[in-house]
Amino acid sequence: MNQFTVGDLPEKLVEVMEGPAPPDYFISNGCSYSPDQWGGVDIRPACHWHDFAYAKGGCKKDRQRADEAFYRNLRRCDLGKFMANVYFRRVRLFGVAAFNWAEGKVPTNLWHYWLLFWDRYIKW
């Protein structure tokens with residue numbers, strides 16, 4: 001799995017990303033469990049910004065804001081609406097275990113608890 005920093009990304013895309021910019025030392029693995037390019041479109045910047053937002057963490061609203069910014073950043077990378085929506089839906093459904101939850105802010109949805117349990121104890 002490739003790891004990279006902001007300096008490894010296309011500068012023209014880095015300039016248009018939404019959300020707090022990751023610091024130069026932040027290392028990302030790109031689009032976890034998904035291709036970093038789709039149809040010739042480089043979407044690593046959107047995934048890098050999203051990974052940084054997930055690393056910062058917070059509450060349910062912070063995660064929702066990060067995911068919505070992820071969708072808009074995918075579109076800024078010129079990914080089509082359909083595929084941007086696919087990435088967005090996948091991260092909303094399965095990204096709960098990767099989010100850095102603030103103390104006492106873990107969601108109460110049973111599906112989310114199952115994903116957290118799977119990620120921490122069962123995944124091999």
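# Pockets, a nonpolar patch and salt bridges

Me: Which residues lie nearest the centre of the largest pocket, and how many residues line it?
Reply: The largest pocket has a lining of 27 residues, and Ser32, Tyr33, Phe94, Gly95 and Ala98 lie nearest its centre. Please note that the model is predicted.

Me: How much space lies in the largest pocket?
Reply: The largest pocket holds about 740 Å³ of space.

Me: Which helices each supply at least two residues of its lining?
Reply: Three helices are to be named here: α2 (44-56), α4 (81-94) and α5 (110-122) each contribute at least two residues to the lining of the largest pocket. The largest share comes from α2, with five residues.

Me: And how do the lining residues divide into nonpolar, polar and charged?
Reply: For the largest pocket, the lining comprises 16 nonpolar, seven polar and four charged residues.

Me: Tyr33 was one of the residues nearest the centre. Where does Tyr33 lie?
Reply: Tyr33 is in the loop between α1 and β1. The phi angle of Tyr33 is near 60 degrees, which is a positive value in a residue other than glycine.

Me: Is Tyr33 buried or exposed?
Reply: Tyr33 is exposed, because its relative accessible area is 67% and the cut-off for exposed is over 50%.

Me: Let us turn to the second largest pocket. How much space lies in it, and how many residues line it?
Reply: The second largest pocket contains about 280 Å³ of space, and 18 residues line it. Pro20, Ala53, Asp62, Arg65 and Ala66 lie nearest its centre.

Me: Which helix gives the most to that lining?
Reply: Helix α3 gives the most to the lining of the second largest pocket, with seven residues. Both α2 and α3 (60-76) supply at least two residues each.

Me: How does this lining divide by residue type?
Reply: The lining of the second largest pocket has nine nonpolar, four polar and five charged residues.

Me: Which helices supply the patch?
Reply: α4 and α5 each supply at least two residues of the nonpolar patch, and α5 gives the most, with four residues.

Me: Why does Trp114 count as partly exposed?
Reply: Trp114, found in helix α5, counts as partly exposed because its relative accessible area is 42%. A residue is buried under 20% and exposed over 50%, with partly exposed in between.

Me: Next, the charged pairs. How many salt bridges are found in the whole structure?
Reply: A search of the whole structure finds six salt bridges. One of them joins the side chains of Glu18 and Arg72, at 2.7 Å from N to O. This pair links distant parts of the chain, with Glu18 in the loop between α1 (11-14) and β1 (37-38) and Arg72 in helix α3, 54 residues apart.

Me: What else forms a salt bridge with Glu18?
Reply: Arg76 does, with the closest N and O atoms 3.0 Å apart.

Me: Which residue forms a salt bridge with Asp67?
Reply: Arg63 forms a salt bridge with Asp67, the closest N and O atoms being 3.9 Å apart. Both lie in helix α3, four residues apart, about one turn of the helix.

Me: Are Asp67 and Arg63 buried or exposed?
Reply: Asp67 and Arg63 are both buried.

Note on methods
Residues are numbered from 1 along each chain as its sequence is written. This is a predicted model: local features need pLDDT of at least 70, side-chain atom pairs count only at pLDDT 80 or more; totals for chains, interfaces and linings use all residues. Side-chain values use heavy atoms; hydrogens and water are left out. On a 1 Å grid over the protein atoms alone, a cavity is a set of points where a 1.4 Å probe fits but cannot get out, and a pocket is an open set with protein on both sides within 12 Å along at least five of seven lines; lining residues have an atom within 4 Å of a point. Grid points are joined across faces, edges and corners, and a volume is the space filled by probe spheres set on the points. Ala, Val, Leu, Ile, Met, Phe, Trp, Tyr, Cys and Pro count as nonpolar, Asp, Glu, Lys and Arg as charged, and the others, Gly among them, as polar. Buried means under 20% relative accessible area, exposed over 50%, partly exposed in between (1.4 Å probe, protein chains only). A salt bridge is a side-chain nitrogen of Lys or Arg within 4 Å of a carboxyl oxygen of Asp or Glu.
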